[in-house]
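Hi,

Here is the structure I promised to pass on. Have a look at it first, and my notes on what turned up follow below.

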Amino acid sequence: MVIKKTINWIDGPKIGLINGEFYEVFNTPKSYFLDIIIYRIPFYFTFLLIATYSLIFLKKINIIEIENFYQKFILLNIIAFFPILLVLILSVNVYDNLRLFLFIIPIFCIIASISLNYFFETFKSSIKVKGFTIFVFILFSLSFYRFILLTPYQYTYVNYSYLNFEDSKGKFEHDYWGASYKELVKKIKKKYKKDEIKNFKIADCGGGDFTLIYYLNKYLGVKKTYSGIDELDQATHIVMNNRTFLDVFKNEYVKDLVDSKGAMKIKDMEKVSRAPNIRQTCFDYKHFSGKDVVMVSRDGLPLTIFRELDK
């Protein structure tokens with residue numbers, strides 16, 4: 001029973017966003033990890049992984065110097081792929097990029113390093129190896145450059161499936177942790193005087209409520225937000241990242257399926273999440289329309305926004 005509840009945990013996000021397409025977290029698509037590889041994993045890393053498996057299959061790697069190489073390699077793969085296979089077999093709810101699977105990244109790094117080491121050791125052996133090594137270096141340089149531009153929010157990384165990072169706006173939930181809230185609140189403090197801030201009634205959209213309240217209180221003296229359904233109409237401004245959410249309070253199709261707090265029964269979750277116009281993102285939600293007055297962005301893409309709401 002405990003395992004079943006853990007697998008089908010429903011207190012997290014109900015929907016997610018990958019490459020501009022909404023998906024139901026409680027029906028996480030089997031292609032989830034493939035989509036992450038295509039859009040979020042650096043190309044050089046994917047190339048090195050493919051190279052490692054290819055080199056081992058073709059028996060190009062000298063394994064004599066490594067005791068029990070194949071046994072160790074198989075063990076690494078079991079450790080790395082077991083959680084992924086478990087998710088696919090048991091249909092576990094997955095969201096937020098690879099946040100729930102960060103513990104397997106070091107294992108894949110070890111696997112990728114095998115081909116990298118091979119390229120370095122055999123660099124002078126042939127033009128083909130030199131070409132592969134230079135190719136990896138170019139891919140790495142591009143990814144490293146983008147990582148530098150995103151500092152310190154590298155977890156928002158999208159690979160070069162989007163040549164221009166800003167073109168991925170609205171395609172992913174980039175700053176889903178609200179890591180840039182601190183920078184945003186500091187910018188608000190710099191832009192507005194204390195007398196102006198006193199008159200602000202700030203709502204939030206995107207999660208990380210406690211983090212946001214902490215920084216609002218620390219830097220602006222704001223101790224509460226107007227984010228409740230009964231307070232939202234009073235809000236003059238809103239802090240947001242591009243989280244997805246179900247607009248259960250302003251949708252006539254689901255008014256009898258959710259309670260006053262927006263909670264729903266498990267049996268109604270699918271029906272609610274598929275109601276017309278219910279899937280929204282904070283940035284584009286029509287009821288949050290207004291003027292963006294303060295923004296934290298990286299490489300042209302907004303991460304968090306402080307918006308003056310239309311009244």
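**Pocket, cavities and a helix pair**

The lining of the largest pocket splits into 20 nonpolar, 10 polar and 10 charged residues. Keep in mind that this is a predicted model. The pocket holds about 1,400 Å³ of space. It has 40 lining residues, and Gly 206, Gly 207, Asp 209, Phe 245 and Phe 249 sit closest to its centre. Strand 3 (202-205), helix 9 (209-220) and strand 5 (244-246) each give two or more residues to that lining.

Then there are the cavities: two of them reach 30 Å³ or more. The largest cavity has a volume of about 90 Å³. Among the residues lining it are Leu 17, Tyr 32, Arg 40, Asp 96 and Glu 173. Strand 1 (15-18) and helix 2 (32-39) each supply at least two of the lining residues. By class, that lining has seven nonpolar, one polar and three charged residues.

The second largest cavity has about 30 Å³ of space, and its lining includes Lys 169, His 174, Asp 175 and Phe 283.

Last, a helix pair. The axes of helix 4 (residues 69-90) and helix 5 (residues 105-121) come within 9 Å and cross at roughly 140°, so the two helices are oblique to each other. Their crossing is left-handed. The contact involves, among others, Phe 69, Phe 73 and Asn 77 of helix 4 and Ile 107, Phe 108 and Ile 114 of helix 5. In that contact, 12 residues are nonpolar, one is polar and none is charged.

Cheers

Definitions and conventions:
Residues are numbered from 1 along each chain as its sequence is written. This is a predicted model: local features need pLDDT of at least 70, side-chain atom pairs count only at pLDDT 80 or more; totals for chains, interfaces and linings use all residues. Side-chain values use heavy atoms; hydrogens and water are left out. Axes are lines fitted to C-alpha atoms, for helices over the stretch in contact, and angles run from 0 to 180 degrees between N-to-C directions. Helices (H or I, at least four residues) and strands (E, at least two) are DSSP runs, numbered from the N terminus. Angles under 35 degrees count as roughly parallel, over 145 as roughly antiparallel, 65 to 115 as roughly perpendicular and the rest as oblique. A crossing is left-handed if the near helix is turned anticlockwise from the far one by less than a right angle, and right-handed if clockwise. Contact means heavy atoms within 4.5 Å. Ala, Val, Leu, Ile, Met, Phe, Trp, Tyr, Cys and Pro count as nonpolar, Asp, Glu, Lys and Arg as charged, and the others, Gly among them, as polar. On a 1 Å grid over the protein atoms alone, a cavity is a set of points where a 1.4 Å probe fits but cannot get out, and a pocket is an open set with protein on both sides within 12 Å along at least five of seven lines; lining residues have an atom within 4 Å of a point. Grid points are joined across faces, edges and corners, and a volume is the space filled by probe spheres set on the points.
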